[in-house]
Structure formats: C-alpha cells, structure tokens
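Please keep the model at hand while reading.

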Amino acid sequence: MKKTILITGATAGIGKATAELYAKNGWNLIITGRRKKLLEELKESLIHRFSADVVTLNFDVRHKEEVNKAISSLTGKWRNIDVLLNNAGLAKGFSDIQDGSVEDWETMIDTNIKGLLYVSKTIMPIMIERKSGHIVNIGSIAGKEVYAKGNVYCSTKHAVEGITKALRLDLLPHKIKVSAVCPGAVDTEFSTVRFDGDKDRAKDVYNGYQPLLARDIAEAIYFVVSRPFHVNINDLLIMPTAQANTSNLLREE
Ligand code: NDP
Ligand code: 8X3
C-alpha cells in the first residue's frame, strides 16, 4: 500500500525537494505552506512528472486555528499519515541580541517552535490511533551551536532539539519514531527570507564554497525514514564539506 507524507513548508527549498523525491518514489503527498500559488504549481508538476497523488493544504503554521482546520479537513486515506516532516521554518534578522527586533523574534519563535508544536499536536492523535508513524523535525547546526548574531534563531533550533527528544520519549509507548535532520548551510530561499528579500546579501552567504543543496537534505530524510522499523536515526547532522561548524568556512575565490 502507498504511504503518505505530510510536509510543512513544501513551497520552497528543503520541503519542495523532499516532496519531489517522495513523489518520484511513489508516495502520496500532503504538501503545505502559505503561498497557495506555489503549492498548486508544485502539485501540478508532481502529477505531471511522477503521476503522484497529491493534496495541498494552505495554512500558516503560526495560527493554530488554521492548522487545526486544515488537518481536520483531511478525510479517508489522507488521514493515514505515515510521516510528518516538520520543515517549515525561518530566520529573520542578523544582529546582536541587544539590537534585535522583537517582531523578528516573535516571527521565529511562532514559526519554528510554536508552529512545529501546533502541527505535531494535530497529527499525533492520528499516529497514536494507528500505532504507527514517524515524525522528522528539521533542526540545524544552529540547534547545536550558537553563532554571533544568530541568537534567537539558534535558540529556536535548540528548542527544536529539545522538542524532538521530548516527542521521542513520550511517543515511545506508541511505537512512533521521532528523528531530527540537522543541516549546515543549504542554498535555499532561507537567506533571502532572513535578509528580507535582499538577494545580493543572501548570495554572499553561499559565495566561495559549495553549500549543501536542498536535494542533499531530501535524500538524507529519505534515508532516515526508510530504515527498517527496529532502527531509528535519532539525529543526523549534515554539513557542507567546506563548513566545519557555524563559524568556520573554507571560502575559495
Ligand atoms: P526556504 O525559505 O527555502 O523554505 C522555507 C519553507 O518554510 C517555505 O516553504 C515556506 O513556505 C515555509 N514557511 C515559512 N514560514 C511558514 C509559516 N509561517 N507557515 C507555513 N509555512 C512556512 O528555507 P529552507 O528550505 O532552507 O528551510 C527549511 C527548514 O530548514 C527550516 O526549518 C530552516 O530553519 C531549516 N534549515 C535551513 C538551513 C539552510 O541553510 N537553508 C540549514 C539548517 C536548517 P511559505 O513561505 O509558502 O509559507
Ligand atoms: C540554518 C543554518 O548556520 O545559517 O539553520 O543558521 S545557519
């Protein structure tokens, strides 16, 4: 029987690449995000390229009523969610904490922490009832280290690490697997979003070395999810070869 994955933040970057890889491998897909047009375009493309079975849910993970409404609209086979990929997330701003924008802090906390919790809260009862499921959270190297001017973003990713451990512990009796996939620098829309659409500044983040590609992370997610039932990858940290940690990059012009 075909399996089903629900991906938050499927309109771009890692989420989109993961949707493409899972569609290619014959999974049913529930793709979600705020940008409805991009969701519909991705759906059409997945149907056209892979004859995939796809449902779109257009919601903002920060709004719990929207999350609840969207997930409860799923009926029939679409409620049989085998994998939840908590991927939607973002960084906003890059400054010392004393100069940070409270609005940016709230956006990151509401999206990366509260949004992940809201979505998980709606899917967990389905998985518990089915006594089966796998939750994969996208963490970050920023959840393992704190780098200069990364303060609140790094803190939200540290929270993802804590939530991942808590989910694994509390869902143990229900046989639900919980994993974290934690990338270093990946060339996506991430830095453009962080710098409020400043593409030149975003490009500089990836200059002079080969960053990870969204596809690299999609493949890692696929690996994590495709292990046999008795194997759980708790935590997978994936870095560009040119990046030793958050602060040490080998840039060559
Ligand atoms: P992108 O900006 O390319 O994609 C982010 C996705 O998240 C988009 O699909 C966006 O969709 C969605 N999203 C953002 N805010 C919301 C929201 N409020 N509600 C619903 N969806 C939302 O970035 P990445 O692919 O790089 O980021 C994916 C994850 O990977 C994030 O959690 C990020 O923190 C993490 N990560 C990224 C790294 C990197 O270097 N790129 C490294 C380590 C971790 P839409 O705007 O349509 O809502
Ligand atoms: C994204 C990676 O190092 O830019 O989580 O924070 S980093």
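K114 has its place in helix α4, where helices (H or I, at least four residues) and strands (E, at least two) are DSSP runs numbered from the N terminus. The side chains of K114 and D110 are joined by a polar contact of 3.5 Å; such a contact is a pair of N or O atoms within 3.5 Å, and within protein one atom must be able to donate a hydrogen and the other to accept it, while residues adjacent in sequence count only if both atoms are side-chain atoms. Although K114 and H63 are 51 residues apart along the chain, their C-alpha atoms are separated by 9.1 Å.

Residues are numbered from 1 along each chain as its sequence is written, and chains are lettered from A and ligands numbered from 1 in the order in which they are written. The model is predicted, with local features needing pLDDT of at least 70 and side-chain atom pairs counting only at pLDDT 80 or more, while totals for chains, interfaces and linings use all residues, and side-chain values use heavy atoms, with hydrogens and water left out.

Helix α4 covers residues 102-130 and also holds S120. With 2% relative accessibility, S120 counts as buried, and its side chain reaches the backbone oxygen of L116 at 2.7 Å. K131 lies in the loop between α4 and β5 (134-138). This lysine, K131, has a positive phi of about 55 degrees although it is not a glycine, and K131 is exposed, its relative accessible area being 62%. S51, in the loop between α2 (36-50) and β3 (54-58), likewise is not a glycine and has a positive phi, of about 50 degrees; S51 is exposed at a relative accessible area of 61%.

G162 belongs to helix α5 and is partly exposed, with a relative accessible area of 38%. The C-alpha atom of G162 is separated by 9.3 Å from that of G143, the two residues being 19 apart along the chain. I221 is in helix α8, which spans residues 214-225, and I221 counts as buried at 0% relative accessibility. Between I221 and I14 there are 207 residues of sequence separation, yet the C-alpha to C-alpha distance is 9.8 Å.

Turning to the ligands, which residues come nearest to ligand 1? Of the 29 residues around ligand 1, these are T11, R34, N87, Y153 and T188, a residue being near a molecule if one of its heavy atoms lies within 4 Å of it. By class, the shell around ligand 1 has twelve nonpolar, eleven polar and six charged residues, where Ala, Val, Leu, Ile, Met, Phe, Trp, Tyr, Cys and Pro count as nonpolar, Asp, Glu, Lys and Arg as charged, and the others, Gly among them, as polar. The shell around ligand 2 divides into five nonpolar, one polar and no charged residues, and its members are S140, I141, A142, Y147, Y153 and F190.

| Ligand | Protein atom | Distance |
|---|---|---|
| Ligand 1 | N87, backbone | 2.8 Å |
| Ligand 1 | K157, side chain | 2.9 Å |
| Ligand 1 | T188, side chain | 2.6 Å |
| Ligand 2 | S140, side chain | 2.5 Å |
| Ligand 2 | Y147, side chain | 2.6 Å |
| Ligand 2 | Y153, side chain | 2.6 Å |

Taken alone, ligand 2 exposes 240 Å², and the protein buries 83% of that; for ligand 1 taken alone the exposed area is 880 Å², of which the protein buries 96%. These accessible areas come from the Shrake-Rupley method with a 1.4 Å probe, and for residues only the protein chains shown count as cover. The elements that give two or more residues to the shell around ligand 1 are α1 (13-24) and α5 (151-170).

Note on methods:
Buried < 20%, exposed > 50% of the residue type's maximum accessible area, 1.4 Å probe, protein only.
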